[in-house]
Amino acid sequence: MFSKDIGIDLGTANVSIHVKGKGVVLDEPSVVAIESDTRKVLAVGEEARRMVGRTPGNIIAIRPLRDGVIADFEVTDMMLKKFIERVGGRGMFSRPRILICAPTNITSVEQKAIREAAIRCGAKEVFLEEEPKAAAIGAGMDIFQPSGNMVVDIGGGTTDVAVLSMGDVVTASSLKVAGDKFDAAIMKYIKNKYKLLIGERTSEDVKVKIGTVHLHGRREEIDIRGRDMVSGLPQTVTIYSDEVREALWEPVMSIVAAAKTVLERTPPELSADIIDRGVILTGGGALLDGLDSLLADELKVPVLVAEDPMHCVVKGTGILLDHLDKIARRN
Ligand SMILES: Nc1ncnc2c1ncn2[C@@H]1O[C@H](COP(=O)(O)OP(=O)(O)OP(=O)(O)O)[C@@H](O)[C@H]1O
C-alpha cells in the first residue's frame, strides 16, 4: 500500500486522471451506459460512448455533465467512482489526496457532493480548484508571479476566459458555449441546408476532420451519412470546410466577444504583459482549425495553442498537488 496524490479533470466531455509519479493514467469520455429500469452501470468511458445514439430501449448512454453543469449527479458519482477504482484508488493507494477540477459554474451543493463522492472513494483530503487556473499552470504559465497571463480554455460544455496574476484570477468570464455547441450548430446547419438529420458523433467528426473557423483556414471535404427528412431514407452528403466555418460563426463569435470583454476589464499593467506573452488556448476546442488566428485578428494580441491542449487541466492538477500550500487557503 502506498499513498499517491491524484489529480482529476472532471470535464463535461472527458475525464482525465493524473497520478503523481506516473503522469496521465486515464483519459476517457464522460459517458455512462446504464440499464434504465435497474440503474445498473453497464459501461463507462469509451465503451459507453460507442453506445451513444445506438442503444436499445432498456439501455441509456448518459453524459452526466452536460452544458457545463452536473445534469445527473447520481450518475456523475458512479462514473467518478468507477474511474478512481480503475486507476487503483481503492486498492493500491492508501487514502490519496485528490484534487478535482470541475466545471466552473457548479453550485456549492454540487461542490460538496463532489467532495463527498471523492471521500467515499477513499480520499484522505479533497481539494477543488478552478479550471482556468489549472489550465494555465498545465500550459506552462507561471501564474504565481505579479504579471498578467491570459488563458482561454474551450472544453465540451464551457469556455473559460481568465486573466491570472499572483496565483489568482483577476478578471474572468465563463460561457456555456464550447465544443458541444459547435457540434449542435453543425447539426442545425446541415438540417437546414440539406434536410439531413445527423447524430452528435457525426457532427463532431465533421468539426474535427474538416472544420475551420478562419477564412484562410483549411479547405477539405467529407462525406457524411444521415437520415433524409423528406424521404426518411439514409442519405450521403458532401460537406466542405467553408460550410463548417459558416455554421460555427455564431458560437465562435460569442467566444471572441467574451475574450474582448475580459481584456477590456483587465488592469492596464496586466494588459501590457498579455501583449508580450500572448493569450494561451487550452482544452479540446483549442484544436479547432483557425481559432488561434481568428482570435489573434480580433483581439489584436498574439494567440498561441498550448502544447497538448486537452491535457493542460489535468497536468495542472498534478503540478498544483506538488504546491498545495499555494491553494490550501482556498479549500
Ligand atoms: N481536433 C479537434 N478540433 C476541434 N475540436 C476538438 C478537437 N479535438 C477535440 N475537440 C473537442 O474538444 C471538446 C472536449 O474538450 P475537453 O476534453 O478539453 O473538454 P472537457 O474538459 O471535458 O470540457 P469542460 O472544460 O467543458 O468541462 C469536445 O467538444 C471535442 O469535440
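**A colleague's note on the ligand shell, domains and core**

1. Let's start at the ligand: 23 residues surround it, and the closest are Gly11, Ala13, Gly155, Gly179 and Gly284. Here a residue is near a molecule if its C-beta atom, placed from the backbone, lies within 6 Å of it. Please keep in mind that this is a predicted model, where local features need pLDDT of at least 70, side-chain atom pairs count only at pLDDT 80 or more, and totals for chains, interfaces and linings use all residues. Residues are numbered from 1 along each chain as its sequence is written.

2. Helix H5 (179–194) and helix H6 (200–210) each supply at least two residues of the shell around the ligand, and H6 gives the most, with 3 residues. Helices (H or I, at least four residues) and strands (E, at least two) are DSSP runs, numbered from the N terminus. By type, the shell holds 7 nonpolar, 12 polar and 4 charged residues. In this scheme Ala, Val, Leu, Ile, Met, Phe, Trp, Tyr, Cys and Pro count as nonpolar, Asp, Glu, Lys and Arg as charged, and the others, Gly among them, as polar.

3. On to the domains: the protein is divided into domain 1 (6–129), domain 2 (139–177 + 254–309) and domain 3 (179–247), with bounds from an automatic or database domain assignment. The centres of domain 1 and domain 2, taken over C-alpha atoms, are separated by 27 Å. Between these two, 10 residues of domain 1 are in contact with 8 residues of domain 2 (contact: C-beta atoms, placed from the backbone, within 7 Å). On the domain 1 side, the touching residues divide into 3 nonpolar, 5 polar and 2 charged.

4. The largest nonpolar core has 84 residues, and Val32, Ile100, Ala136, Val279 and Leu281 have the most contacts inside it. Such a core is a set of buried Ala, Val, Leu, Ile, Met, Phe, Trp, Tyr and Cys residues joined through C-beta atoms within 7 Å. Helix H7 (residues 241–264) contributes the largest share of this core, 7 residues. Leaving aside residues up to four places away in sequence, Val279 touches Met150, Val152, Ile274, Leu295, Leu299, Val301 and Val303.

5. Helix H4 (residues 131–138) is mostly covered, with 8 of its 8 residues buried; buried means that 20 or more other C-beta atoms lie within 10 Å of a residue's own, all placed from the backbone. Among the buried residues of H4 are Glu131 and Lys133. After H4 comes Gly140, with a positive phi near 95°.

Methods
Buried ≥ 20, exposed ≤ 12 C-beta atoms within 10 Å, placed from the backbone.
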